[in-house]
Amino acid sequence: MTDTTITISGIAVHEPMTVFTDFIIAALAFTFYLRLKKSYDQTTIHWSYFFLFLGLATFTGAFSHAFFALHEGWQYKSIWLPMQIINGIGIYYAQQATLVSVLEHSSSKKIWKISYQVQLLVFIISLLWVQKYIVSIVENAVALIPIMILHYKDKRPFARMIANGIAVSFITAFVHMGKLSLHAYFNHNDLAHVFIMISLYVMYKGVKMKTAQVENVLT
């Protein structure tokens, strides 16, 4: 990979475009959190925390890209590990939102609830033990694919929109595997971040649809 390091006020910033797109994702996630957090709908509140923790994880992750040319060593891991754990907590809130919406009347609701708790615990322990990104990849797939399928099966417009948003996020896997880059300063990480932005926006629109339904009932 081409070295794209730039220097700002004497400070070396590695992967500047990746850092910049991380900040954009974080800003979007924080904005969606602020717009959703005051809802009376429990589903919406859980989704708002999903966006909050995703924003925190992405914001933290920007510094791991900015200040470490080599992604190794205890200094790097002291940022990277908390980032991954925060992201895992965000996914847990997405699962909780699923639990109180599309799984609300499911006969398997208790099983899903326990599985979500166990999954988060196993993820954190595995991550701290293995300390490899593959653990987070598996966690994302194991968590988000069922959420996407459950929302598609629900067939309500808000659920389908959320599922579409999650589906868009999986495009990033193909971008990473194919190392698809537009330029040395806009590599596969940066392109993947664009799809994450689209994914979050589509998911947010789906959550807003759910919020609007609840508000209409209350009024």
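This report looks at model confidence and at the salt bridges in the predicted structure above.

## Model and confidence

Residues are numbered from 1 along each chain as its sequence is written, and side-chain values use heavy atoms, with hydrogens and water left out.

The protein has a mean pLDDT (the predictor's confidence in each residue, from 0 to 100) of 89, with 90% of its residues at 70 or more. Helices (H or I, at least four residues) and strands (E, at least two) are DSSP runs, numbered from the N terminus. Helix 4 (residues 109-130) has the highest confidence, at 97, while strand 1 (residues 6-8) has the lowest, at a mean of 69.

One joins the side chains of D41 and K210, at 3.2 Å from N to O. This pair links distant parts of the chain, 169 residues apart: D41 sits in the loop between helix 1 (16-36) and helix 2 (42-66), and K210 belongs to helix 8 (residues 188-218). D41 is buried (under 20% relative accessible area; exposed is over 50%, partly exposed in between, with a 1.4 Å probe and protein chains only), at 8%. K210 is also buried, at 11%.

## The D154 and R156 pair

D154 and R156 form a salt bridge too, with their closest N and O atoms 2.7 Å apart. Here D154 is partly exposed, at 21% relative accessibility, and R156 is partly exposed, at 33%.

How values were computed:
This is a predicted model: local features need pLDDT of at least 70, side-chain atom pairs count only at pLDDT 80 or more; totals for chains, interfaces and linings use all residues. A salt bridge is a side-chain nitrogen of Lys or Arg within 4 Å of a carboxyl oxygen of Asp or Glu.
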